[in-house]
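Welcome! Here is a short briefing to read alongside the structure. Take a look at the picture, then follow the notes on its rings and its pocket.

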Amino acid sequence: MSPLADRLAWQALALLLAAGALAASAVPPGLLDWQPQQAWREPWRWFSAAFVHWSALHLSLNLIGTLVVAAWGWAARVPAAAALAWAAAWPLTHLALLLQPGLHSYGGLSGLLHAGAAVVAVWLLLRERGPRRWIGAAVLLGLAVKVVGEAPWQAPVQAVAGLDFPLAAAAHASGLLAGTLLGALAAALAGRAAHRPGPGHGP
């Protein structure tokens with residue numbers, strides 16, 4: 001894979017998420033949203049929940065967020081391995097919502113966007129040196145402070161002034177956790193691959 005194609009994997013995933021969210025506006029939310037009681041009978045909801053939005057404002061904010069995360073990945077020059085970690089965080093972000101039994105329905109990209117931001121931050125922290133590593137650490141810390149400040153353990157959803165949809169802080173927390181863990185795994189595997197002797201090299 002060429003260096004450019006390697007970097008474009010992140011942008012392709014971001015484009016898929018944005019396109020899916022736009023297309024899902026024509027589908028009844030009840031067919032796609034996260035519903036814990038349907039988690040095992042209808043496993044497509046592990047993915048499709050990200051496409052569901054409850055209002056035009058909700059969709060607009062998440063599309064802007066998708067653009068920001070796409071730009072964050074491009075600026076960080078993350079490879080396809082990081083995009084794969086973000087993709088793997090997609091279903092895990094929603095499955096982790098089973099830990100919040102009071103959340104009977106969820107839709108939106110925000111949990112997965114937290115996962116993507118975390119993947120990039122962890123990649124910089126573990127795979128880069130100098131200022132780029134510190135930027136990754138600062139972003140990861142900022143995400144953690146934000147999620148803790150939202151107190152996701154207090155209630156399944158929260159009403160936020162200025163928003164016409166309920167905020168499911170648990171999704172932000174699950175996305176941050178999934179992105180951090182899978183981003184660290186991707187970085188570790190990339191490190192092992194970089195140190196593996198190539199063909200023709202001795203032990």
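W86 counts as buried in this predicted model, because its relative accessibility of 1% falls under 20%.

**Aromatic pairs**
- Four aromatic pairs turn up in a search of the whole structure.
- W10 belongs to helix 1 (residues 3-24) and W86 to helix 4 (residues 80-95), so their pair ties together parts that are 76 residues apart in sequence.
- F47 and W90 make an edge-to-face pair, because their planes stand at 70° and their ring centres are 5.4 Å apart.
- F47 is partly exposed at 37% relative accessible area, while W90 is buried at 9%.
- F47, F51 and W90 are linked into a cluster by ring pairs.

**Charges over rings**
- R7 lies over the face of W74, 3.8 Å from the ring centre.
- R127 lies over the face of W123, 5.9 Å from the ring centre.

**The largest pocket**
- The largest pocket holds about 460 Å³ of space.
- Its lining has 25 residues, with N62, S110, H114, L167 and H172 nearest the centre.
- Helix 3 (56-76), helix 5 (110-127) and helix 6 (131-149) each give two or more residues to this lining, and helix 3 has the largest share, with seven.
- By class, the lining has 15 nonpolar, eight polar and two charged residues.

How values were computed:
Residues numbered from 1 in each chain as written. Predicted model: local features only at pLDDT ≥ 70, side-chain atom pairs only at ≥ 80, totals over all residues. Heavy atoms only, no water. 1 Å grid on protein atoms, 1.4 Å probe; cavity = no way out; pocket = protein on both sides within 12 Å on 5 of 7 lines; lining within 4 Å. Points joined across faces, edges and corners; volume = space filled by probe spheres on them. Helix = DSSP H or I, 4+ residues; strand = E, 2+ residues; numbered from the N terminus. Nonpolar A, V, L, I, M, F, W, Y, C, P; charged D, E, K, R; others polar. Phe/Tyr/Trp six-rings, centres within 6.5 Å; stacked < 30°, edge-to-face > 60°. Buried < 20%, exposed > 50% of the residue type's maximum accessible area, 1.4 Å probe, protein only. Lys NZ or Arg CZ within 6 Å of the ring centre and 35° of its normal.
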